[in-house]
Structure formats: structure tokens, C-alpha cells
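Let me put the model up, and then we'll walk through it piece by piece.

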Amino acid sequence: MHSDAVHPTTHLGSFLSSLPTPPQKVALVRASRIGDFVCATPAFRALRYALPEAELTLIGMPFVKELVERSPHLDRFIPFPGFLGMAEQFFDARTVTAFFQQMQAEQFDLAIQMHGSGVYSNPFTLMLGTERTVGFVRNGDPGGRLDTAIPFPETEHEIRRVLTLTTFLGAAPQGEQTEFPLWPSDRESAKALLNNFPTPFIGLHPSARETSKQWSLDRFIAVGRALQQKYGGTILIVGGQDEWPQAEQVAQGIGRNAVNLAGKTSLATLGAAIAHFSLLITNDSGPAHIAYALNVPTVTLFGSTDPDIWGPLNWSDSIVANRHRVLVERIPCHPCNQATCDIGYDCLNRITVQHVLENAEGAIASSVPVEKAE
């Protein structure tokens with residue numbers, strides 16, 4: 001690590017071109033959720049084009065391992081061990097000490113901190129012991145011990161935030177479309193899973209990591225019943241293993257031809273199943289980003305988070321908005337980005353069942369026409 005860290009005003013694109021030789025071993029720090037991984041795929045693609053011979057290793061949450069394995073832009077995966085202030089994973093000092101020893105023995109040429117403003121993730125990234133370290137810093141902060149840094153773009157869409165960093169380093173963007181790569185075996189697993197259910201498939205993801213992002217389960221039930229009555233087919237409720245209770249409540253509430261898939265698939269098989277959906281209605285969550293990447297029609301319900309940052313890219317443009325519907329109530333406190341709400345979740349409660357149904361029908365109509373049930 002170098003003491004002559006470059007201030008965030010370094011000229012665009014100068015860093016990679018200024019190195020005496022292209023880095024051969026690059027560590028990418030992006031230890032966050034599924035949606036964060038998907039949003040970073042254009043940046044991964046840019047780095048792969050800029051550094052075709054480098055080994056790109058992602059340090060991330062354990063559940064994205066299968067996504068890294070399928071990525072044409074990443075070579076290795078190392079599970080994030082947890083770290084103070086990085087709340088995505090439990091912190092254990094002995095585990096982290098052993099992890100840093102292993103990472104320092106790797107002798108990475110370059111580490112890129114792609115995990116937010118860097119208040120906690122920059123110390124983590126510096127502890128990897130790489131020859132050079134780059135990343136984001138908070139607005140107004142110096143680069144510190146980083147070799148070069150740029151201010152974290154608070155108001156940009158997440159896709160463009162990460163691309164801002166890779167572009168700054170000298171990796172020209174290769175488009176902004178996100179990716180959710182699938183193997184043929186993933187598609188076969190999804191086909192076997194869905195084979196016995198009547199089409200069309202309409203997906204619901206009624207859970208969310210934070211209560212402030214979760215629309216009422218009763219309203220999801222009402223929407224599912226109405227769409228099943230209108231279109232027939234199967235209502236598929238998706239989610240992770242820890243979301244099974246909410247998914248089961250919705251499935252039981254809808255009743256006929258509603259199937260709870262929560263926790264019953266791998267992440268890749270879930271993506272392959274979503275690819276078959278005529279529509280996904282979802283809170284702002286991982287499955288939403290999978291659907292955006294696969295261009296599956298969506299209706300996404302936003303509570304505490306900002307669709308200008310976490311929604312479909314360019315969601316307000318007429319072409320995008322026709323297929324990807326965003327429902328958000330811009331009350332004075334929105335977006336709060338809080339996990340819970342002290343004033344009764346007014347932003348979510350203002351999104352009505354009728355509003356969701358109208359947008360669901362419009363999103364479905366933007367894709368392959370779906371026959372109405374007799």
C-alpha cells in the first residue's frame with residue numbers, strides 16, 4: 001500500500017493507464033445483497049473488457065457464489081467474512097484475522113472497493129494488503145490511504161454509481177444493461193419445477209428485508225386472487241427460505257392454483273423460473289432486479305427506498321415504463337431509507353390494490369398477450 005494516495009480529483013481514466021503493467025490479480029469488494037450484485041454486473045463487464053487477462057475475484061456474500069460461477073466477467077469467488085460496520089455478515093474477530101492473513105498471502109495487484117462510500121469498507125479493503133487500492137470515499141473526504149478515489153455519487157442510479165468508479169479508473173462502459181446469466185441446467189431445473197403448473201405464470205414476491213419495504217400481505221393476496229381470476233394459470237410466490245412463512249400465508253390466502261416456491265430453489269433456478277413469468281409483482285428486492293435483468297415485466301412497489309436509485313434503469317422513460325411499472329408515493333419523508341417507520345408506513349399504504357392491478361394488466365399487455373380465463 002502506498003502513502004502517496006491520490007486525492008479524488010485524479011483525472012478520469014488515468015489510473016489503469018498509468019500503471020507500469022496491467023494488474024493480473026484483482027480483488028473486487030462488493031459484499032452486499034442480490035440486487036447490489038446484479039446492479040454491479042455492467043461494471044464487472046467493463047472491467048473484464050479493460051483487463052482481459054486479469055483474474056477478477058469477487059469478495060461477496062456467500063449466496064452470490066453461484067452467480068459469480070455463471071458470470072462471464074468474474075473468475076473467482078471468496079466469501080466475505082464479516083467486518084465491523086459492514087452489517088451484511090456477522091463479525092467474528094478470529095475469523096476475520098485468519099481471512100486477512102489468507103488474503104495478504106494472495107498478493108493481489110489491485111483491490112477495488114465497490115461497496116458504498118467506504119467509511120467501513122475502505123479499512124476492510126486496505127487490510128487485504130494489495131499492491132494498490134482504489135475505491136469510493138464520502139463527499140468531501142480525502143483519499144486517505146487509497147491510491148486513488150472518487151466521491152461516492154449519492155444521487156445516481158446504483159448501476160451508474162458503480163460504473164462511475166470503473167469508468168474513472170479507465171474501464172470504458174460496455175453498456176448499462178444488467179445481467180443474470182443462466183446455465184442450461186438452471187433452465188432445465190426451472191422447466192421441471194414449473195412443468196406441472198398451468199400457464200400463464202404470474203409471480204409475487206411479498207417479502208422484503210426491511211418492514212419499510214414490504215407491502216401488506218393481505219393486499220398481495222387480493223391482487224393474486226384478482227389476477228388468477230382474470231388470467232387463470234398459476235400464481236407463483238417466490239422468496240428465500242427465511243421468507244417461507246410470508247409466502248405461505250399469501251399462497252394459502254389466494255388458494256386455488258397458488259404455489260409457494262419460497263426456499264425451494266437455488267438462486268439460479270429461481271432466476272430461470274422468473275424468466276418464464278408473464279409478470280412479477282414485487283417489493284423492491286432481489287427478485288425485482290433479477291426480473292429487470294431478464295426483461296420480465298414487473299410491477300415494483302417502493303416504500304422507504306428511491307426508485308431513481310434502485311428501480312429499473314430509466315424507469316420513467318415511456319418505453320421502459322410500459323414494461324416495468326414503478327409504484328411510489330412521494331410523501332414528504334420519502335425516501336427515508338429506514339428499516340422501520342414511526343408514522344405508519346403511509347408511503348406503502350397509499351399504494352392501492354386497484355392501482356397495482358391496473359399496472360399489472362398494463363405490464364402484461366406490454367409483453368406476449370395472455371389469454372383471459374374463461
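Predicted model: local features only at pLDDT ≥ 70, side-chain atom pairs only at ≥ 80, totals over all residues.

Buried is under 20% relative accessible area, exposed is over 50%, and partly exposed is in between, using a 1.4 Å probe and protein chains only. Helices (H or I, at least four residues) and strands (E, at least two) are DSSP runs, numbered from the N terminus.

Take Ile112: leaving out residues up to four places away in sequence, Ile112 touches Val26, Ala27, Leu28, Val29, Leu47, Val134, Leu165 and Leu169. Contact here means heavy atoms within 4.5 Å.

Six strands form an open sheet, in the order S3-S2-S1-S4-S5-S6, with parallel pairing; two strands pair if DSSP finds at least two bridges between them. S3 (76-79) and S6 (148-151) are at the edges with a single partner strand each, so one side of each has no neighbour in the sheet. On average, neighbouring strands are turned by 15° against each other, direction ignored. S2 (residues 55-60) and S3 pair over four bridges, and Ile59 stands opposite Ile78 in S3.

What packs on that sheet? H2 does, touching S1 (25-29), S2 and S4, and its direction makes about 160° with that of S2. Helix H6 (residues 158-169) lies across S4, S5 (132-137) and S6, at about 145° to S6. For those angles, axes are lines fitted to C-alpha atoms, for helices over the stretch in contact, and angles run from 0 to 180 degrees between N-to-C directions.

Next up, strand S7, residues 201-205. Five of the five residues there are buried, so S7 is largely enclosed by the rest of the structure. Phe201, Gly203 and His205 point one way, and Ile202 and Leu204 the other. In a regular strand, side chains alternate between the two faces of the sheet. S7 pairs in the parallel sense with S8 (residues 234-237) over four bridges, with Gly203 opposite Leu236. S7 also pairs with S10 (residues 279-283), parallel and over four bridges again, and there Leu204 stands opposite Ile281.

Ser212 sits between S7 and H8 and is buried, at 3% relative accessible area. Its contacts beyond four places in sequence include Gly303, Gln338 and Tyr345.

And is Tyr120 buried or partly exposed? At 45% relative accessibility, Tyr120 counts as partly exposed. That residue lies in the loop between S4 (110-113) and helix H5 (121-126), and beyond its neighbours within four places in sequence, Tyr120 is in contact with Phe83, Leu84, Gly85 and Met86.

Key. Residues numbered from 1 in each chain as written. Heavy atoms only, no water.
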